[in-house]
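I opened my notebook to look around inside this protein. Here is what I looked up, entry by entry.

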Amino acid sequence: MRIVQALAADIASGRLARGQQLPTHRALAGALDLDLTTVTRAYGEARRRGLLDAHVGRGTFVSETTARAARDIPFQVTIDLSMNVPPQPVEANLDLRIAQGLEAIQARSSFSAFLNYQRPGGSDEERAAAASWLRPRVPEASAERLVIYPGNQAILFNALLSLASPGDVVLTEALTFPGMKAAAETLGVRLVGVAMDEEGVLPDALRAACRAHAPKAVYLTPTLHNPTTATMSVERREIVADIIRRAGTVLIEDDAYGLLEPAVPPIATLIPERTWLAVGLSKCIAPALRVSYLLAPDASAEQRMRRNLQATMQMPPPLMVALVTHWLRTGVADKIILAIRHEATGRQLLARKLLKSIPYAARNSGHHLWLALPPPWSRSEFLAHALRHGLAVVGDDAFSTDGAAAPAVRVSLGAARNRAELAQALELLAGALRSPVQSAPVV
């Protein structure tokens, strides 16, 4: 247990980086002068807690998706702003909306109709409702091209499974979603990061990377990019679409945050025949719904993705799909999203006030901000310092494709339970940034 606790503390402080390889069981047992069985049990418990991943033939690594400090490490996290989730304002009335929606479903067809296996990817009726709801933003949306998935992560994994083979290259922004990194590692796909600016991926760098790598796909989050908040202008989207078309490759567009800025059209509207568009509800309503919509380039791709879904996860949760479909039809979904968007704006205004003298990147409707650490802070020193003050945020290493990112942290404003807690967290953050650098204790 002392080994597990030491691992957890070093991961939390940044001394062990996500994806870093650990010593073999035998090497660590020798270094600590312990029985091999003791180390094996410690590594097993650390895997059970989600701290480590083991890959047969390759070794043991720090988990790429570890985002939170373990409960029993020697830091007490007072406020955790490490997970990028939407706030839940009173105006959204989610408890009431869920109760009313389930009551309507039960009155119409009973719950038992949704407690058995369903057609993978949604029924014709559910897909038609989703396509109709998407059409104001994506005019080409049709039920024939749409598959309902249990979350955007499932779409990304299955899109990679469909488009790339082990060793193939997929281009991403230089900083990219950790879930895509985890999916690519699992499938043996090589991610190559492309340089960015405040609007996202740089056209010249993307063009050069397409020539150099002949990628099987390009994965981008052009609206409220995670973690940098970069959002492409319409002009940049047109240029990027043209580059992808001329390169003869395809786009995997992660529209996880697009509904928070509905006036900005997805790149998919420019190259629908080359885009696998993932529209999720986790960041604009609630993560636990596990309902996302994939708009495939054509009916053939839709059928392929439906088969992949059946092979990997069978189906999205039928009762949740029924609830969301009811919300789409009745306008409730739009009301919830509007309330969450307003709350996000309010939280960004609060951040602007409390971090007035601290430069960072943000968008009014976004759930997070991206804060470059001023010198002489290093990532590991700042994360450890913030943890000692009870605040958990995420460092740039979770998103970097090549390990060369400048030290920065993502602060998830939506993770605070309310604005009072957020204000406390932001004051802690501002205080940590203004404190002298202190080295974390070596575990």
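**Entry 1: the nonpolar cores.** I am working with a predicted model. I looked up the largest nonpolar core and found 40 residues in it. Those with the most contacts inside this core are Trp133, Leu146, Leu281, Ile285, Tyr293, Trp327 and Ile336. I then checked which elements supply at least two residues each, and my list includes helix H4 (94-109), helix H5 (124-134) and strand E4 (146-149). Strands E11 and E12 are also on it, as are helix H11 (318-330) and helix H12 (332-354). Apart from this core lies another one, of 28 residues, with Tyr149, Leu156, Leu160 and Ile252 among them.

**Entry 2: one serine.** Next I picked Ser282, which sits in the loop between strand E11 (275-280) and strand E12 (292-295). Is Ser282 buried or exposed? I noted a relative accessible area of 15% for Ser282, so this residue counts as buried, the cut-off being under 20%. Leaving out residues up to four places away in sequence, I found that Ser282 touches Pro86, Pro287 and Arg290. With Arg290 there is also a polar contact of 3.2 Å between the two side chains.

**Entry 3: empty space.** Rolling a probe the size of a water molecule over the atoms shows where empty space is left. I searched the whole structure and got two cavities of 30 Å³ or more. Which residues line the second largest cavity? I wrote down Val138, Glu140, Arg145, Ala268, Pro272, Thr275, Leu277 and Leu295. Sorted by class, that lining has five nonpolar, one polar and two charged residues.

Conventions:
Residues numbered from 1 in each chain as written. Predicted model: local features only at pLDDT ≥ 70, side-chain atom pairs only at ≥ 80, totals over all residues. Heavy atoms only, no water. Helix = DSSP H or I, 4+ residues; strand = E, 2+ residues; numbered from the N terminus. Buried < 20%, exposed > 50% of the residue type's maximum accessible area, 1.4 Å probe, protein only. Polar contact = N/O pair within 3.5 Å; in protein donor to acceptor, adjacent residues only side chain to side chain. Contact = heavy atoms within 4.5 Å. 1 Å grid on protein atoms, 1.4 Å probe; cavity = no way out; pocket = protein on both sides within 12 Å on 5 of 7 lines; lining within 4 Å. Points joined across faces, edges and corners; volume = space filled by probe spheres on them. Nonpolar A, V, L, I, M, F, W, Y, C, P; charged D, E, K, R; others polar. Core = buried A, V, L, I, M, F, W, Y, C linked by side-chain atoms within 4.5 Å.
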